[in-house]
Amino acid sequence: MLNTTLCYIEQNGKYLLLHRIKKKNDISKDKWIGIGGKFLEQESPEDCIMREALEETGLTLVEPEYRGIVTFICDKMNETEFMHLFVAKKWTGEIKTCDEGVLEWVPMEDVEKLPHWEGDLIFLKLLQQNAPFFSLKLTYKSDQLQQAILNGKVIR
């Protein structure tokens, strides 16, 4: 099992997204995703997203909101990934260059036009609707979403 964090930083109807184009052997290569990464030993989800946000963006998040957990299963990976999903609307600092890709503010309505994981649109809609804390299971074969289960109910 792999525990990671994923955060969508919001400002003026836009998300700060990472275009994953710099890392070799990246399962998310060429996709536009939120920021985040793997837990270190003894980190909580909040510890991890604070560290990852600072490392990837140069921003210090102020009270990030823990909004859900996404169980990510893909035949390209050797293990199940549990992504702890956050939204951040406040921060301090200045955006820096990221060594994993290019950071860019993208209007929320344009996200679906960019290369992304198909299931991302499911949880992004839940975030935009301010849905209560949720559990979403996404199962992929290669890059194709095969099944989505929200709070125990099959939705796709």
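Contact here means heavy atoms within 4.5 Å. With that in hand, and keeping in mind that this is a predicted model, start with Leu-136: not counting residues up to four places away in sequence, Leu-136 touches Ile-69, Val-70, Thr-71, Gly-119, Ile-122, Phe-123, Ile-149, Leu-150 and Ile-155.

Leu-136 is also one of the residues with the most contacts inside the largest nonpolar core, which has 30 residues. Others on that list include Tyr-8, Phe-123 and Leu-127. Helix α2 gives this core its largest share, 5 residues, while strands such as β1 (2-11), β5 and β9 (134-141) each supply at least two. Apart from this core lies another, of 13 residues, with Leu-18, Ile-35, Ala-53 and Phe-86 among them.

Now the rings. The count comes to 8 aromatic pairs, and here are two of them:

| Pair | Centre to centre | Angle between planes | Type |
|---|---|---|---|
| Tyr-8 and Tyr-15 | 5.3 Å | 70° | edge-to-face |
| Phe-72 and Trp-117 | 5.1 Å | 85° | edge-to-face |

Phe-72 sits in strand β5 (residues 65-74) and Trp-117 in the loop between β8 (102-107) and α2 (120-128), so their pairing ties together parts that are 45 residues apart in sequence. Both Phe-72 and Trp-117 are buried.

As for the tyrosines, Tyr-8 and Tyr-15 are both buried, and together with Phe-123 they form one aromatic cluster.

Note on methods
Residues numbered from 1 in each chain as written. Predicted model: local features only at pLDDT ≥ 70, side-chain atom pairs only at ≥ 80, totals over all residues. Heavy atoms only, no water. Phe/Tyr/Trp six-rings, centres within 6.5 Å; stacked < 30°, edge-to-face > 60°. Buried < 20%, exposed > 50% of the residue type's maximum accessible area, 1.4 Å probe, protein only. Helix = DSSP H or I, 4+ residues; strand = E, 2+ residues; numbered from the N terminus. Core = buried A, V, L, I, M, F, W, Y, C linked by side-chain atoms within 4.5 Å.
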